[in-house]
Amino acid sequence: MTKALFAGRRWTSLRLRLLVVFALVALVAAVSASGIAYWLNREAVLTRTQDAALGDFRQEMQNRAAALPADPTPEEIQRTAELMAGSSPGYSVLLVHERKDGRKVIGAAGAVPFGLNDVPRSLQYAVNDRQKTTAANDAEYHMYWQRTKPQGNPYLVGGTRIVGGGPTGYMYKSLATERDDLNALGWSLTIATGLALLGSALLAQGAARTVLKPVQRLGDAARRLGEGELDHRLDVSGTDELADLSRTFNRTAEALEKKVADMSAREEASRRFVADMSHELRTPLTALTAVAEVLEEEVEDLDPMIAPAVGLVVSETRRLNDLVENLMEVTRFDAGTARLVLDDVNVADQVTACIDARAWLDAVELDAGRGIVARLDPRRLDVILANLIGNALKHGGSPVRVSVCVEGEWLVIAVRDNGPGIPEEVLPHVFDRFYKASASRPKSDGSGLGLSIAMENAHIHGGDITAANGTEGGAVFTLRLPMDVGAVIAGGGVEA
């Protein structure tokens, strides 16, 4: 299939189309020129040959046939035919004299013997047709000629009659020599056409190389630019349209490189600001968290008017602490410093530990075999599960069902909630950063980073998370991870 696709691209390439156009133009021009040249030469050769033969035959008829007596004998007719054929430029002669009693006296001579049956009937009628003499026509009989091809061989047949009484004469000349000369000319013109076609192909190849090489360099440069080599530039020479296009490409690439560099610098500055801000917030947050825990322990002894405020401070301090931790995690992903610590993990035990650590055992149903062992990062798997299950409990409602299975080389963990599901317009955005389900669900006190962090952790394992609505209601989040993440990192790859 790859070879067929490659071949299809080659047959539709600009280079091939240029070659075909050049070849067609050269072929049409060469065939037209050769055809015209052949036709002109053919007419010239045949006209010259027939004019010479007919002119000589007319002169011989006037000099010899007209000198015969009124009633010549067969010997005189034959001798006159032989004299005419002997002095002729290669044609045979046939003399026919009709006596008063209706009998015909015939004399024939020449290299190619022929008789009256070899003369076309139409020519005989034309030669013997007596015409009236007028001011425009001073002769009763005229000379006529015709080209014939008996048995495939070309001949010129001409005839005339002596005015005032005398024999009718016919000449029979072979045109084989002229045919051979014209065939040789045809072959020469065919060879010339082939050479012109070959020359056009070479010219087209040279033109294609001259025109398409800069285009190919421009295409390669655009491809390298698309692959991230923003510093790549084209060497420009000349003042033609391709040179202007190359200069435009260089200016565009330079502007793009500058803009990307500026964006990268701003992104790096923003990332560094978030990291520094998160780091600086951890120290006061630690103190605030400690104070909040103390206040939470003493909340029952506080004034009922103050207790709600203390509870709000405690909950918001914990949310702020979670937000800072999430920001630190996102910063590590963006900076590319997040690393996996792989270990062989019993998936069922890991899921159970995640649920138990967060006191979700009463709200979560687990369906997982005990013999499933995968090589992955247990801490990051715990983060993924905590975000998915916590999101299901918070927005979907219990009971939440977690199922674990193995499909080929993939570990598949599905988290199903018992809620109303996710609106279709929200599905494409559930993994976006700071996108909260509160836009469509009334309950939302999270940071909007949980699902995004879960997706990043799945990606760093070489896996993925998808969100959909179940056929029986509720939302379904499906986590797919390679069973052996180490093999994926080493370049082994996993086929879905």
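Reply: Three elements, β1 (91–98), α4 (121–128) and β5 (168–174), each supply at least two residues of the lining of the second largest pocket, and α4 gives the most, with 4 residues. Helices (H or I, at least four residues) and strands (E, at least two) are DSSP runs, numbered from the N terminus. The model is predicted, so local features need pLDDT of at least 70 and side-chain atom pairs count only at pLDDT 80 or more, while totals for chains, interfaces and linings use all residues. Residues are numbered from 1 along each chain as its sequence is written, and side-chain values use heavy atoms, with hydrogens and water left out.

The pocket has a volume of about 510 Å³, and of the 25 residues that line it, the closest to its centre are V96, H97, E98, R161 and G166. On a 1 Å grid over the protein atoms alone, a pocket is an open set of points where a 1.4 Å probe fits, with protein on both sides within 12 Å along at least five of seven lines, and lining residues have an atom within 4 Å of a point. Its volume is the space filled by probe spheres set on the points, which are joined across faces, edges and corners. By class, the lining has 12 nonpolar, 6 polar and 7 charged residues, where Ala, Val, Leu, Ile, Met, Phe, Trp, Tyr, Cys and Pro count as nonpolar, Asp, Glu, Lys and Arg as charged, and the others, Gly among them, as polar.

Strand β5, one of the contributors to the lining, runs antiparallel to β4, and 7 bridges join them; two strands pair if DSSP finds at least two bridges between them. G158 stands opposite M171 in β5, and in the hairpin of β4 and β5, which has 6 residues between the strands, G164 takes a positive phi near 90 degrees.

Strand β4 (residues 155–161) is also joined by 5 bridges to β3 (residues 144–148), and these two run antiparallel. In β4, the bridge partner of Y144 is G159, and that of W145 is G158. The hairpin of β3 and β4 has 6 residues between the strands, and there Q151 takes a positive phi near 55 degrees. Of the 7 residues of β4, 6 are buried, where buried means under 20% relative accessible area with a 1.4 Å probe and protein chains only. Across the 496 residues of the protein, 33% count as buried.

Methods:
Buried means under 20% relative accessible area, exposed over 50%, partly exposed in between (1.4 Å probe, protein chains only).
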